[in-house]
Each structure stands twice: as C-alpha cells, then as structure tokens.
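Dear colleague,

Please find the structure below for your review.

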Amino acid sequence: MRYKVTFVVGLALGYVLGTRAGRERYEKLKKSAREIAQNPAVRNAAETAGHTGREYAGKAFAVVSEKVGDAVPDSLAGRVRGLRDRVGGGTDDEWGTSNT
C-alpha cells in the first residue's frame, strides 16, 4: 500500500510540475506558430498549395467519373461542381482536360 501511495504522490507532483513547465513551452510554440502562419511567404505558399490541390482533385474526379459513370454519388458530384465554379473551371488546359 505504501508503494501505491508513493507512486500516486509522485505522479501528482510530476503532473503539477510538468503542466507548469508545459504551459510556458506551449505558449512559446503557439506564438511561434502564429508568427509563421502570418508570414506572407507562408500564406502564399499555403494558398498556392490549396489551389493546386483543388485543381488536381477536380481533374482526378473528372477522370474517375468518366470511368465509373453514374456510380459517383450525387453529393460528391455536387461538391466538385461547387469547386469547379469557385475555381472558374470549364476551359481546357494543356492536357486537354477540363480545368476544374
């Protein structure tokens, strides 16, 4: 029983000391992450990556929907049409596929 009590006291002490040190470190990490996220170069890179991802997802959907036809659920087709409208697709790109 004495070992269990010692273990629980040690666990509680470690938790209290760890959370105090951990909170300070967490605040530092949070501040650094906020500074990085507000950097214009990082924001531009994230925006470009998002745009490229949506573009390739639209192309992949077009290829898959041509191959599977009506098996694509209407909810998914509606979401891709929404992406297509947001990006301004509908024109052919250099690959001869619709730019979604």
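A polar contact is a pair of N or O atoms within 3.5 Å; within protein, one atom must be able to donate a hydrogen and the other to accept it, and residues adjacent in sequence count only if both atoms are side-chain atoms. Helices (H or I, at least four residues) and strands (E, at least two) are DSSP runs, numbered from the N terminus. With these terms, Asn 39 caps the N-terminal end of helix 2, where one of its side-chain oxygens lies 3.0 Å from the backbone nitrogen of Ala 41.

The model is predicted: local features need pLDDT of at least 70 and side-chain atom pairs count only at pLDDT 80 or more, while totals for chains, interfaces and linings use all residues. Residues are numbered from 1 along each chain as its sequence is written, and side-chain values use heavy atoms, with hydrogens and water left out.

The protein has three helices and zero strands, in the order α-α-α from the N terminus.

Helix 2 covers residues 40-68, 29 residues in total, and spans 41 Å from its first C-alpha to its last, close to the expected 42 Å (1.5 Å times one less than its number of residues). Gly 58, Lys 59, Phe 61 and Ala 62 are buried in this helix (under 20% relative accessible area, with exposed over 50% and partly exposed in between; 1.4 Å probe, protein chains only). Of the 100 residues of the protein, 9% count as buried.

Arg 43 also lies in helix 2. Arg 43 is exposed, because its relative accessible area is 53%.

Kind regards
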